[in-house]
Amino acid sequence: MMVVAVVALARSRNLFAVVVLAGAYSFLMATVLVALDAVDVAMTEAAVGAGISTVLFLGALYLCRSEEAKPAHRPLIPFALAVSTGALLVYGSLGLPDFSDPQAPIHTHVAPRYLNDGPQETGVPNVVTAVLASYRGFDTFGETTVVFTAGVGVIVLLRRRRKDKNKES
Amino acid sequence: MNRQLVLRVIAKLMIPFILIFALYVQFHGDFGPGGGFQAGVALAAGVIFYALIFGLARTRRAVPDSLLDGMIAGGVLLYGGVGVAGMLLGGNFLDYFVLDADTVIGQHRGIFWVEAGVGITVSSVMLRIFYLFADRANLTESERDHPEGER
Amino acid sequence: MSALASHFSYAVTIFLLVAGLFIIIARGNLIKKMVGLSIFQTSVFLLYIVPGKLVGGTAPIVAPGFQVYSNPLPHVLILTAIVVGVATLALGLALAVRVHEAYGTIEEDEILERDAAS
């Protein structure tokens with residue numbers, strides 16, 4: 001179903017439909033994430049992908065034109081490039097561990113320590129929260145700063161101060 | 001948009017629950033799924049919902065821009081302040097063990113405040129971005145020839 | 001387990017990644033490019049989350065009665081990545097809006113034409 005949504009998305013030229021499809025796609029992605037036990041992530045994806053980014057896209061569409069121009073040439077080169085990248089990635093993925101392999105490096109490195117000692121050390125049963133705020137506090141600080149910076153960037157870009165300068169557009 | 005009775009009634013019913021849910025996600029994030037990031041976006045989504053139904057002007061009166069600007073910086077400062085507090089109490093930057101005599105309580109306290117900082121910044125940034133986009137839309141409305149419904 | 005079954009998740013990830021990449025390269029419309037970028041992004045989310053899953057495991061919230069948990073570390077990384085992603089997406093859309101105000105279009109070809117004309 002996600003594949004169908006993405007294909008329809010790539011083909012559709014009406015940007016309004018594209019945005020709505022992207023919202024549906026986000027909900028599907030959130031469902032998949034729940035199936036993969038990532039409840040925290042799914043919650044964020046549902047709120048962000050289907051809620052806020054859809055609203056932002058609609059806002060931007062409202063400000064711009066909502067029909068995409070017909071491409072002047074057949075997208076053969078991009079298609080070839082994308083397919084060859086995909087082939088390369090398929091070749092690379094053959095070397096990756098099987099799905100749900102308990103011996104994969106990802107499950108043997110630091111995760112057991114987080115899962116075993118995290119609740120005792122921090123008193124927080126949700127390991128995701130514990131790792132996010134405590135073990136990887138620096139990381140999260142950086143992410144918060146990025147969000148802050150992006151917010152400031154948007155404020156600078158879209159602030160209402162065009163009356164004194166050129167008023168064409 | 002603000003003449004549609006059904007929308008208004010449903011929104012009035014639901015928005016308090018969305019906001020309460022966001023706060024629940026924020027403060028219950030230690031035990032269930034949730035945390036600052038999720039709560040921030042849920043809170044912002046709730047207020048954006050309000051703005052879509054009742055109009056931007058009313059929302060801006062409830063949640064003014066200056067408050068949001070303060071919150072954007074305040075969240076990051078709160079996060080950094082927790083780190084500096086750890087330093088002042090003799091630990092490293094963002095070291096929560098020293099925040100209380102009992103290290104577990106110290107960790108818990110650190111996580112709580114850090115998550116609060118994250119939630120404040122994320123929600124206010126999202127909301128401020130929405131305001132800016134919506135504001136632009138109002139600004140150029142007169143020049144538009146085919147205005148589309150904003151959902 | 002055959003290679004197809006055990007690597008199916010990677011196949012989905014790669015398909016989404018390729019589709020996102022194709023949209024980014026092939027489409028000239030800036031907002032369409034942004035949608036492609038977010039699809040690309042979700043494929044990376046999948047790439048991180050999928051290896052963390054263990055069959056029979058549960059969400060990484062420690063509770064009595066469960067022994068097997070999915071790996072919490074990718075969840076943390078992706079959780080922050082989603083929110084950062086939407087913030088940067090907003091920044092990109094803001095740039096697109098400014099481009100539209102400056103050029104009157106968000107099609108890449110037309111922008112290049114106007115640049116060449118001036």
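H2(B) gives the most, with eight residues. The model is predicted, and its confidence values come up again below.

A search of the whole structure turns up four cavities of 30 Å³ or more. The largest cavity holds about 230 Å³ of space. Its lining counts 21 residues, and the closest to the centre are A:Ser26, A:Gly49, A:Ser53, C:Ser38 and C:Gln41. Chains A and C supply the elements that give two or more residues to this lining. From chain A these are helix H2 (15-35) and H3; from chain C they are helix H3 (30-52) and helix H4 (72-103). H3(A) makes the largest share, with six residues. Empty space of this kind is shown by rolling a probe the size of a water molecule over the atoms.

Where is H3(A) kinked? The kink is centred on A:Ser53 and comes to about 30°. A:Ser53 is also among the residues closest to the centre of the largest cavity. Is H3(A) mostly covered or mostly open? Mostly covered: 22 of its 25 residues are buried.

How far can chain A be trusted? The mean pLDDT of chain A is 75, and 77% of its residues reach 70 or more. Confidence in this chain is lowest in helix H1 (residues 2-11), at a mean of 60. It is highest in helix H8 (residues 137-158), at 87. Over residues 164-169 of chain A, pLDDT stays under 50. For that stretch the model has five contacts beyond four places in sequence. Where pLDDT is low, the predicted coordinates should not be read in detail.

Now chain B. It has five helices and zero strands. From the N terminus on, its elements run α-α-α-α-α. Chain B has 151 residues, and 47% of them are buried. Take the contacts in chain B between residues at least 6 apart in sequence: 65% join residues at least 24 apart.

Chain C has five helices and zero strands as well. Its elements, from the N terminus on, run α-α-α-α-α. Of its 118 residues, 59% count as buried. Among contacts in chain C between residues at least 6 apart in sequence, 44% join residues at least 24 apart.

One residue of chain C gives a local view. C:Thr13 is found in helix H2 (residues 8-26) of chain C. Why does C:Thr13 count as buried? Because its relative accessibility is 5%, and the cut-off for buried is under 20%. Leaving aside residues up to four places away in sequence, C:Thr13 touches C:Ser43, C:Leu46 and C:Leu47.

Terms used. Residues numbered from 1 in each chain as written. Chains lettered and ligands numbered in written order. Predicted model: local features only at pLDDT ≥ 70, side-chain atom pairs only at ≥ 80, totals over all residues. Heavy atoms only, no water. Bend = angle between axes of the 7 residues up to and from the residue. Helix = DSSP H or I, 4+ residues; strand = E, 2+ residues; numbered from the N terminus. Buried < 20%, exposed > 50% of the residue type's maximum accessible area, 1.4 Å probe, protein only. pLDDT = per-residue confidence, 0-100. Contact = heavy atoms within 4.5 Å. 1 Å grid on protein atoms, 1.4 Å probe; cavity = no way out; pocket = protein on both sides within 12 Å on 5 of 7 lines; lining within 4 Å. Points joined across faces, edges and corners; volume = space filled by probe spheres on them.
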